[in-house]
Every structure is written in structure tokens, then in C-alpha cells.
Amino acid sequence: MAEQKIELDAVIVGAGFAGLYALYKLRESGLSVRAYERGADVGGTWYWNRYPGARCDVTSVQYSYSFSPELEQEWTWTEIMAAQPEILDYARYVADKFDLRRDIRFGTTVSSARYDESTRRWLIRTDQGEVLDARYFVMATGSLSTPNTPQFEGIENFQGPVYHTGLWPEDGVDFSGKTVGIIGTGSSGTQAIPVIAEEAAHLTVFQRTPNYTLPANNRPLPPEEMAQVKRDYADIRRTQQEALTAMYGFGGRQDAPPTLLIKETTEADRMRALDEHGFFAVRLYKDVAVDLEANEMACEMYREMVRRTVADPDMAERLLPRGYPLGCKRPVIDTDYYQTFNRDNVTLVDLRRGGINAITATGIDTEQGHFEFDVLVAATGFDAMTGSYLGVDIVGRDQRSLRDAWAEGPRTYLGLQVVGFPNLFLLNAPGSPSVLTNMITSMEFQVEWMAECIAYLDQNQIRSIEAIEAAQEAWIAHVNDVAEGTMHTAPSCNSWYLGANIPGKPRIFMPYAGGYPRYKEKCREVAAKGYEGFRLSA
Ligand code: N01
């Protein structure tokens, strides 16, 4: 019996912020389009990352859709940086307001996609047995959506529950009266640790690499301030569009760009700066971002601030980041992180003094001894930027899989397309500003670019678009060029931007560091020149 195929113009994978907007935009263009989402609801990252303390590190007024002035006026944020439940509610509100759910299949994983050269269409299969036949295939699967739980020896022997921050149970976890162990002190761990410490009987933190983290400066957003924001939205969006990172300020602060040179300061100057600005003193100097010696001076200021915050000198010493520059990893922001280590019910295991041997039935055995607890939390991050694309078995022209094409690291043209994969669009992918910017704003630009591109193809009876090898190579060279000399690619830097958190992953700096305005300019120029660097076939 012939397979029952559903014919569509476009299939989108993912119903997070990117998938929702892609669905809205392509439907607005008159396309028949459907989104597939493995979760039971919309929200993506904000659906899965429900761990205690989860909140955004970009102000909500900026980390929100800008495409609908009506939506901007209707939605009211209650905090400067909203917590996960509020952001998830916002995603749900958007899905309902624009009636997006009718074209989303929830609880459904897209398992494979094959490009058929004879029809120039994609044949897409889901784990629910659906077969979809679509002209365009859009991966809106997110940059941080494939959780990574390292293969700790003996993990299967642990008697209590194990939770990954990126796969948190919908009903939450009750830590009261429990002893808890947490592995990982990245953004997720840094947010979760203070909140779990408040609730649990005892928390043991297993830290392999201390992070540099700055206070979030979050606070409630009073109604009169929100009302002013609503009046100012047009200006706010304009400022975002001109900003390198598609946002302004850092966390809850709106400091002016740095002007001083740390190398021209004295020890006394730097100590005074700490007195006045606390941890934010490290952001006063412009040479810190480009000069490793200057950077180390700022790191030393940072360490001094940790010593000032943590009461026990040995505890402070164990929390000090060393051996890699500020600005290497994605900035972490926190609420009372270091203060948490002044609590009586928190133990810090600095794995630099002796690593993990194995997980046992009752805890973790390390070189420094055995630590017992009832519940284990893995705040161990993600197979970032490529994991979610390679999680789907995508096979393009000449039977070549994306996994093969990216075996030596991800390769894209403008972060939007890949040679050998016609009519496949990627959103927030390697080679795009994505994680170095306000993801919602830079994604909105990509979706609008894609929608205009598809409209152009349809108007000109073009059936396929595919990146050209030379254009892709030139773009990769440019992506590498602009990353060079930044702290992100310093030899001592290991981060998920580089794939360094996953054993065996090629070390390649994945996002585009040239800034959001420059990226937009390049994409617009490509479109204006009739999609230069792409092969268009009638
Ligand atoms: O993950 P991470 P994350 N043994 O990879 C440790 C976004 N985000 O989920 O550094 C022991 O940063 C690992 O140690 P090390 C944001 O973009 C945003 O925290 O590899 N430890 C590290 O400490 C962020 O950057 C927000 O030595 C092990 C931790 O686990 C990104 O998501 C909130 C280990 C992983 O840190 C990822 O953050 C949360 C092992 N075998 C997340 N393996 C906000 O918006 C790993 N670790 C605020």
C-alpha cells in the first residue's frame, strides 16, 4: 500500500520562540505550514528548563518579540528579568493570540528528513508514523536543547532520583528535608544552587571549573515603569537593532561602554573601583576584552571581590576561577551565588583538588572522599549549537547526511543554509549571531529574511535554493576571522561555544562574533544581489 503523505509547503521542527515565529510568518505568507514539537507545549528552552531559579539573563522587555506592537501593548512583564514560568506563559500567550496551536503537533519528534532531488522536496518522518512531503524544511530546534549528561561510571547505581536541569519534571521537585548533590557550576548550576540551598536540608556542590559570574540586579518591574516601556517600545526596538548584541545593557544594568584602560590603573585605583562598583568593576576597562594581560588583571580584581564576599578564606579560594580569561565563556549572571557559600548547609567540593571517581548507590566517590546525598542534580549543560540539528537524521543531495557534512564541525552559509541541503533553512545555527546576541531579536531577523527569500523564490518560479560551496567557505573564513583575537578563542579557553564541553567534538568556534548589525547588513546585501552565493534552480 502506498504511504499516506501529507503535502505541505513547509515543515518546521520546534515550537520554541523561533519555531513559533517561523510558523506565524510563513503562514502569513500564505504557505501551508506545520510545526512539530517533541514537548507537550510551546516554549522550547523555557518549556524544558524548569529548574529552580531559572530565569533569563536578558531583560524581558528586550527578550520578547518585536513583530507585533499590539502584543507589546498587551503583555506586561512583572520583573526586569522574568523567571521561567513567566516566559513560558508569554510563549503560550503568543501561541494563543496568533492561533498557532492549530498548526503544531505536540509530543511528536521529527526523526528523519530526506531530500528528493527529482521532486526537489523534503520527505520528513515523525516518531508518530506521519510522513510529510514539503518544499521547505525549517530547523528551529534551538542552540541549547540537547542535554548532556556525562557518562559517569556507576550512575545507574544511584538509588535516588537524578534530574538534569534541562529536562526538569513538569511538576517540579520537592527538596525539603532532602540532601542534594549538584554537579556543574555553569549558568544553570549558578542559578539553581542558591534556590536549592534555601529549600534542601543540605546541598553539596561539585565544581570542576569555577565560573566568572556577575550579580543579575534583577528586581520587580513596577506598573508605572512598564507603562513607560510600553510608550517607549519603538525606541527600545530601534536601539536593539543598532546594538552589536541586539540588546543593550548587561543583566539589569545599563552601564555606559567601558572607556578606561586597566593597564593604566594602580592597585589603589582598582581597589577603589571594587569598593564603588563591586563585581561590575571588571567591566570598566576596554582593554580587558582584547588583551590577555589586561584580562588577567581584571580576573584578579574579580577574585578579590569573591574573597570579600565569601566569609571562609578556604571556601573563597576554592571558588576562584583561574587559568582562563574573563569573557571566554558565556557570561553568567546570578542572584546571591557567592553568598550561598556562607550558609551552614552548603558544602563545596572543588574537583580541581581531586576529581570524581564514580557515582555510587548513595552519592559520589571522589579523590577527596565520598559524599552522600538523597537526590542528584546534573547541571552539566548541553551538546550545544549542533546537537539538536544532528539529532534529526537529515540526508540531503547525493545521499549525504548532515552528520557527515558536519563531521569536522558545522559548516553553514550565513548560518542559514548548508551546501548539499537545498531548501533547508536553519535558525540560530552555527555561523549566525545566535547565542552571542539576544536570541529572539536576531532570530526574528532570520525568520523575516527566510520568509522574504521564500516569497522571492515563489514569485520567480524557483523551486530550490542551495548555498554554493565557495560562498560557504568564504563565510566560514569570515566567521573565523572575526572570532580571532577575542577571549572566546584564547588558547586557554574551553567553552561550549567551541564544542569543548563534549568529548570528541571538533574544536570550532561556532557562533558569528561580528555583531548583529554587520550580520544583517551581509544578509540584506546577499538578498539584494538576487541571493548571491546561493544556487537558484527553476
Ligand atoms: O551548561 P554549561 P549550563 N564532571 O556547559 C560541568 C544557557 N543558559 O546548562 O566547565 C564535572 O555552561 C561543567 O564543568 P566544566 C547559557 O547560554 C542560560 O549551565 O566543563 N563537571 C560546568 O560547570 C549557558 O551558557 C541561562 O569544567 C562537569 C557545567 O557542568 C548555557 O545555557 C541559564 C562535567 C555545565 O555548564 C549552558 O549553561 C541557564 C563532568 N563530567 C543556561 N561535565 C540564563 O539565561 C560538565 N560539567 C541565565
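Predicted model: local features only at pLDDT ≥ 70, side-chain atom pairs only at ≥ 80, totals over all residues.
Visitor: Let's start with the ligand. How many residues surround the ligand, and which are closest?

Guide: The closest ones are Ser188, Arg208, Thr209, Arg330 and Trp496. They belong to a shell made up of 10 nonpolar, 9 polar and 5 charged residues. The number of residues surrounding the ligand is 24.

Visitor: Which helix gives the most to the shell around the ligand?

Guide: Look for the helix that covers residues 187-199. It puts 3 residues into the shell around the ligand. That top contributor is helix H5.

Visitor: An oxygen atom of the ligand is 2.8 Å from an N or O atom in a side chain; which residue has that side chain?

Guide: Let's set aside the backbone cases. A ligand oxygen is 3.4 Å from a polar backbone atom of Arg55, and a ligand oxygen is 3.5 Å from a polar backbone atom of Gly186. The side chain with an N or O atom 2.8 Å from a ligand oxygen belongs to Trp496.

Visitor: And how much of the ligand's exposed area does the protein bury?

Guide: Start from those polar backbone atoms again, with the one of Gly186 sitting 3.5 Å from a ligand oxygen. Taken alone, the ligand would expose 910 Å². The share of that area buried by the protein is 87%.

Visitor: Now for helix H4. What span is expected for H4, at 1.5 Å a residue?

Guide: H4 runs over residues 84-97, which is 14 residues. From its first C-alpha to its last, H4 reaches 20 Å, close to what is expected. The expected value is 20 Å.

Visitor: Which helices do the buried residues of H4 pack against?

Guide: Find the buried ones first: Gln84, Glu86, Ile87, Leu88, Tyr90, Ala91, Val94 and Ala95. An α-helix has 3.6 residues a turn, so residues three or four places apart point the same way. The partners of the buried H4 residues are helix H1 (17-28), helix H2 (45-48) and helix H3 (69-74).

Visitor: Which residue just after H4 takes a positive phi?

Guide: Follow the chain past the end of H4 and check the backbone angles there. Phi comes out at about 50 degrees. The residue is Asp99.

Visitor: Is Asp398 buried or exposed?

Guide: Asp398 is in the loop between strand S17 (393-395) and helix H12 (402-405), and its phi is positive, near 55 degrees, even though it isn't a glycine. Its relative accessibility is 57%, and the cut-off for this class is over 50%. So Asp398 counts as exposed.

Visitor: What about Tyr531, buried or exposed?

Guide: Tyr531 has a positive phi too, about 65 degrees, and is not a glycine. You'll find Tyr531 in the loop between helix H15 (516-528) and strand S20 (534-537). Its relative accessibility is 4%, so Tyr531 counts as buried.

Visitor: Which backbone oxygen does the side chain of Asn211 reach?

Guide: Asn211 lies in the loop between strand S9 (202-207) and strand S10 (213-215), and it is buried, with a relative accessible area of 11%. Among the residues it touches are Gly186, Tyr302 and Pro321. At 3.0 Å, its side chain reaches the backbone oxygen of Thr185.

Visitor: Where does the side chain of Thr412 reach a backbone oxygen?

Guide: Thr412 sits in the loop between H12 and strand S18 (424-426), and at 3% relative accessibility it counts as buried. A polar atom of its side chain lies 3.0 Å from the backbone nitrogen of Gly415. The backbone oxygen it reaches, at 2.9 Å, belongs to Pro430.

Visitor: Glu473 and Arg411 are 62 residues apart in sequence; what is their C-alpha to C-alpha separation in space?

Guide: Glu473 is in helix H14 (residues 469-483), and at 33% relative accessibility it counts as partly exposed. Despite the 62 residues in sequence, the C-alpha atoms of Glu473 and Arg411 are separated in space by 8.2 Å.

Definitions and conventions. Residues numbered from 1 in each chain as written. Heavy atoms only, no water. Near = heavy atom within 4 Å. Polar contact = N/O pair within 3.5 Å; in protein donor to acceptor, adjacent residues only side chain to side chain. Areas by Shrake-Rupley, 256 points an atom, 1.4 Å probe, with all protein chains shown as cover. Helix = DSSP H or I, 4+ residues; strand = E, 2+ residues; numbered from the N terminus. Nonpolar A, V, L, I, M, F, W, Y, C, P; charged D, E, K, R; others polar. Expected span 1.5 Å × (residues − 1). Buried < 20%, exposed > 50% of the residue type's maximum accessible area, 1.4 Å probe, protein only. Contact = heavy atoms within 4.5 Å.
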